[in-house]
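Colleague: Could you take me through this model and tell me what stands behind each label you use? I would like to set the values against the cut-offs.

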Amino acid sequence: GGFRGAGDLTKLGSGTFYAAATTGGANTSWTGNLIIKEGTWKIVGSDGLPFNVSDGVLRPAQTTLDGGTWQIGKTLNVTNARRGVTVAAGGGTIDTQWFGLTLAGPSTGSSAAAVLNKAGSGTLRLRSQVYADSFYGTMNVNEGALELDGGAALGPAAVSVANASGVALNLVNQFGVADMNQTPGSLSGGG
């Protein structure tokens, strides 16, 4: 299965919507945005997200967290650098469970009051190499690890790392970026 059409889809209600489409499946014509306002949107493949057409246009709000949770049910590597994630004023949570999620697109959000929580014992990897991130809120690493790859992988967000076993903030340079410096708005806590 999959979604079709150019319209946006907004997740409301406290329950979980399980978008079971796998990567490489039928979701090749839903070109709108996904807005997660309430409850949980769970995916096991990139086809559980809007399709990113090959037109070279950055879509920073293709997935928007505005109060809800985006949960991963399988290790995923979302490699399209034009597929962005926006954190709106309502904030939200990315729950990796025990899996890994790699995002190549930028994280954006202009609200300094927005809070993005990282849940689950898995690793969330931000690897924005093409477009600089511009998330101005707070990133709370409550469980697992947050891995920043390259010099612009999180932008000016404040980062808070829970003081708990297994919680980590990792800086890596897998792509050989010349300027590896990460400059968060602030850094607090310790895992």
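Colleague: Let us begin with the open sheet of 6 strands: what is its strand order, and which kind of pairing does it have?

Modeller: The order is 2-5-7-10-13-16, and the pairing is parallel. Before we go on, this is a predicted model, where local features need pLDDT of at least 70 and side-chain atom pairs count only at pLDDT 80 or more, while totals for chains, interfaces and linings use all residues. Residues are numbered from 1 along each chain as its sequence is written, and side-chain values use heavy atoms, with hydrogens and water left out.

Colleague: What makes strand 2 and strand 16 the edge strands there?

Modeller: Strand 2 (9-11) and strand 16 (134-135) each pair on one side only. Strands are DSSP runs of E with at least two residues, numbered from the N terminus.

Colleague: How do you know that strand 13 and strand 16 pair?

Modeller: Two strands pair if DSSP finds at least two bridges between them. Strand 13 (residues 107-109) and strand 16 have 2 bridges, in the parallel sense, so they count as paired.

Colleague: What is the order of the open sheet of 5 strands?

Modeller: That sheet runs 9-12-15-18-20, with parallel pairing. Its edge strands are strand 9 (76-78) and strand 20 (168-172), each pairing on one side only. From one strand to the next, the twist averages 15°; the angles run from 0 to 180 degrees between N-to-C directions, with axes as lines fitted to C-alpha atoms.

Colleague: Why is Glu147 called buried?

Modeller: Buried means under 20% relative accessible area, exposed means over 50%, and partly exposed lies in between, with a 1.4 Å probe and protein chains only. Glu147 has 12% relative accessibility, so it counts as buried. This residue is found in strand 18.

Colleague: And why is Ala168 called partly exposed?

Modeller: Ala168 has 23% relative accessibility, so it falls in the partly exposed class. Ala168 lies in strand 20. Ala168 and Glu147 are 21 residues apart in sequence, and 8.2 Å apart in space from C-alpha to C-alpha.

Colleague: What makes the link between Glu147 and Arg127 a polar contact?

Modeller: A polar contact is a pair of N or O atoms within 3.5 Å; within protein, one must be able to donate a hydrogen and the other to accept it, and residues adjacent in sequence count only if both atoms are side-chain atoms. The side chains of Glu147 and Arg127 are joined at 3.3 Å, so the contact meets the distance cut-off.

Colleague: How many cavities does the search of the whole structure find, and what makes a space a cavity?

Modeller: The search finds 2 cavities of 30 Å³ or more. On a 1 Å grid over the protein atoms alone, a cavity is a set of points where a 1.4 Å probe fits but cannot get out, and lining residues have an atom within 4 Å of a point. Grid points are joined across faces, edges and corners, and a volume is the space filled by probe spheres set on the points.

Colleague: How does the lining of the largest cavity divide by class?

Modeller: That lining has 7 nonpolar residues, 1 polar and no charged. Ala, Val, Leu, Ile, Met, Phe, Trp, Tyr, Cys and Pro count as nonpolar, Asp, Glu, Lys and Arg as charged, and the others, Gly among them, as polar. Ser107 is among the lining residues, so by these classes Ser107 is polar.

Colleague: And which strand gives the most to the lining of the second largest cavity?

Modeller: Strand 10 (residues 83-87) does, with 3 residues. By class, that lining has 5 nonpolar, 2 polar and 1 charged residues. Arg83, Gly84 and Val85 are among the residues there.

Note on methods. On a 1 Å grid over the protein atoms alone, a cavity is a set of points where a 1.4 Å probe fits but cannot get out, and a pocket is an open set with protein on both sides within 12 Å along at least five of seven lines; lining residues have an atom within 4 Å of a point. Helices (H or I, at least four residues) and strands (E, at least two) are DSSP runs, numbered from the N terminus.
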